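Subject: Structure for you to look at

Hello,

Here is the structure I said I would pass on. Please open it alongside this email; my notes follow below.

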Amino acid sequence: MSPLSMPNPAFPSPLKLDSLPCCWYTTSPEPHRVYDQGVCYNSGAAITEVERIQMSPLLELNDDVLDLLLETARRARSIVPLSATCRRIRWRSLPILFRKHTIASFGQVKTFLPATLRQFVTTLLLIDFCGDVPPVGVDETSEEWALIAPSLLRYTDDTRLCGVYNSKTLADVLLQMPRLHTVEFRFPSLTYPHGIPWPVLKHILSLPSLQELCVDMHRFAPMLSDREQELTLDFPIKLTSFSHTLSDYHRRSVVFPTERQALELVIKSSSSSLRRLTVAMELAPLDLLYNGADWSNLRELHLRGQYRTIGDPPLPLIAVFGHMPHLRVLDLKLIQPAGLDPQPIWPPGHHGEWPWRELEELTVSCPQIEDNTYGALPTTLRGLCLRYTPHCLNHLWRLEDGLPGRSADCRWQWPLLPSADILGILRRSDVPRLRHLELEYEVDDSELDLLDSMAERYPGLTSIHLFRCRKSRNSHPTQDFNPTDYVRRLIKPLTSLTNLEKITLHLDLPGTPRPQYVPTMRFGGSGPYTLEELEEFSRVLQAIADMLARMLRPSLKTITLWKPAYNAVFEWRIFDVVCDDGEWHAPYVDSAPRNYAYY
């Protein structure tokens, strides 16, 4: 038995990390001794020979092994009591305990970690709760807001610019974090444009240790203040990862001229060092991505938003992104505008070679059967997603029976391919090492053939996401319809996948609860489901999860099933597969958020 596992009253019992205010305090009500290089401090007495023998192996570990031990303790949420044992362990644990620091900003940022601990911070997360946005239902361009804004805004004169990060204190503290390599801004409100001022972004970009910058939901320098003349960046930056994301639900179409200019300036300045780039398609500098920079180090490209391209005639995306020879992840979650025909990534008639020979993950929104991409996929591919963005979840986006609702005036479309066409795409692809497969399709008579082909062509699959959409969405089940037997016949071809660990299903079963039309509801007309039908559907999903656990054991670990929710949207119910006394079942453990429709 190792010294750490031996019962010893000198050590506090393991406690959860979030239950303690600081790394070297414990909440144990019992008196305990803290050892520090051979001295028992709370009693003043020297330790006994037995205790010295117990402690010596731990104190004599070299730094590398001790760091590995501390990292293991962190994952087990036991690093706090371990850090309280002696001075050496406490000192080695500080970089782990304080490497990520989060600041929730309800006002200007003026309170930080003590100065002695700032040197250990490597990741800084800044969450904006300043509240300098119009109340819900008030348009920021309206006369009403112009009248009430002066009395509500506290840290800025314009709701488009956030004022909580303008403090000199924040600027000075950032310079006291020599290990800081990641800064993330997060804005939890999804309603109005609210951005980070350019001087704040410029100061953060000037930090010599910065490698990763993430701006989540904030607008990126949407305008210049009265004191600023132009956007400039007069120093080199060497970012390895840059991410700017927008809300998937509100105001993506609003484009600020300085925002696009600032994004292009930052991306171009760090293009030669970038390994991961995430940006909204509406703001993406496509001309720069096409031929305006060196992309030799780029490994991941993530684009989200409404489909667009450049050129006259329009260039296919294989040409726009073809100058990235070492790309390994190409993630195109692109919304298809209504009235515009979907375009292949590599259309017939476009001459050239496949540019991404090291590609490992490919996500395509609105796949096309004539796309030459699928016949050219390299054998290095590990993940393939053929989907729509957002997912075509019928009960959320397309109300049955032609009822008006949030889809009545929708600017998007979902030209679903039938399962027979998806099968044709897979048959053209030679990717035997595939580990993850996500498919979204309209159900037809070829669905079982599609699932048979999946299991036969990709025996190493560890994760499957299936989003089924029936043609007749308003059909009702017959009296003898059994949803568990229905899913059992559907999933039977997948039982040969001995490595399958995770399965996610949007089943679109007959008899799925449907939202009631309420024309007065704010976002679209779909009202709440009845509580009784939701409870019954939950019982159906539980029975299906238990059946899947028995069918796909022993490799399967997680089952995720779509379910309508009482607030007229939906959720993804997560089940863990367990075995109790030889019986396999899948208890419900959690629910994923609704914006999983986009992921």
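Helices and strands here are DSSP runs, numbered from the N terminus; a helix needs at least four residues and a strand at least two. On that basis, Pro313 sits in the loop between β11 (300-306) and α10 (317-320). Please keep in mind that this is a predicted model.

**Overall**

The protein chain has 599 residues, and 51% of them count as buried. Its secondary structure comes to 16 helices and 22 strands. Take the contacts between residues at least 6 apart in sequence: 71% of these join residues at least 24 apart.

Most peptide bonds are trans, and most residues other than glycine have a negative phi.

Start with the prolines. Pro554 belongs to the loop between α16 and β18.

Now phi. Arg77 lies in the loop between α2 (63-75) and α3 (79-83). Its relative accessibility is 37%, so Arg77 counts as partly exposed. Met217 lies in the loop between β7 (212-216) and β8 (219-220). Met217 is partly exposed too, at a relative accessible area of 21%. The cut-off for buried is under 20%.

**Cavities**

How many cavities of 30 Å³ or more does a search of the whole structure find? There are five. By class, the lining of the largest cavity has 10 nonpolar residues, four polar and one charged.

Helix α13 covers residues 419-428, and its buried residues are Ser419, Ile422, Leu423, Ile425 and Leu426. Seen down the axis, they fall within an arc of 160°, so they line one face of α13. What do these buried residues pack against? The partners are α11 (373-376), β14 (383-387), β15 (436-442) and α14.

Leaving out residues up to four places away in sequence, Ser446 touches Ser419 and Ala420. Ser446 has a relative accessible area of 19%, so it is buried, the limit being under 20%.

**Helix α15 and what follows it**

Helix α15 spans residues 483-491. At its start, a side-chain oxygen of Asn482 comes to within 2.9 Å of the backbone nitrogen of Thr484. The buried residues of α15 are Pro483, Thr484, Val487, Leu490 and Ile491. Why do they line one face of the helix? Seen down the axis of α15, they fall within an arc of 125°, so they share one face. They pack against α14 (447-457), β16 (463-469), β17 (502-506) and α16 (531-551).

Next comes Lys492, in the loop between α15 and β17. Is Lys492 buried or exposed? At 59% relative accessibility, it counts as exposed, because the cut-off is over 50%. Lys492 and Leu552 are 60 residues apart in sequence, yet their C-alpha atoms are 9.0 Å apart in space.

**Thr560**

Thr560 is in strand β18 (residues 558-564). Its relative accessible area is 6%, so Thr560 is buried. Which residues does Thr560 touch, not counting those up to four places away in sequence? They are Lys502, Ile503, Thr504, Leu505, Trp572, Arg573 and Ile574.

**Where to start**

Then turn to α15 and its buried face.

Best wishes

Note on methods
Residues are numbered from 1 along each chain as its sequence is written. This is a predicted model: local features need pLDDT of at least 70, side-chain atom pairs count only at pLDDT 80 or more; totals for chains, interfaces and linings use all residues. Side-chain values use heavy atoms; hydrogens and water are left out. On a 1 Å grid over the protein atoms alone, a cavity is a set of points where a 1.4 Å probe fits but cannot get out, and a pocket is an open set with protein on both sides within 12 Å along at least five of seven lines; lining residues have an atom within 4 Å of a point. Grid points are joined across faces, edges and corners, and a volume is the space filled by probe spheres set on the points. Ala, Val, Leu, Ile, Met, Phe, Trp, Tyr, Cys and Pro count as nonpolar, Asp, Glu, Lys and Arg as charged, and the others, Gly among them, as polar. Buried means under 20% relative accessible area, exposed over 50%, partly exposed in between (1.4 Å probe, protein chains only). The arc is that of the directions from the helix axis to the C-beta atoms. Contact means heavy atoms within 4.5 Å. A polar contact is a pair of N or O atoms within 3.5 Å; within protein, one must be able to donate a hydrogen and the other to accept it, and residues adjacent in sequence count only if both atoms are side-chain atoms.
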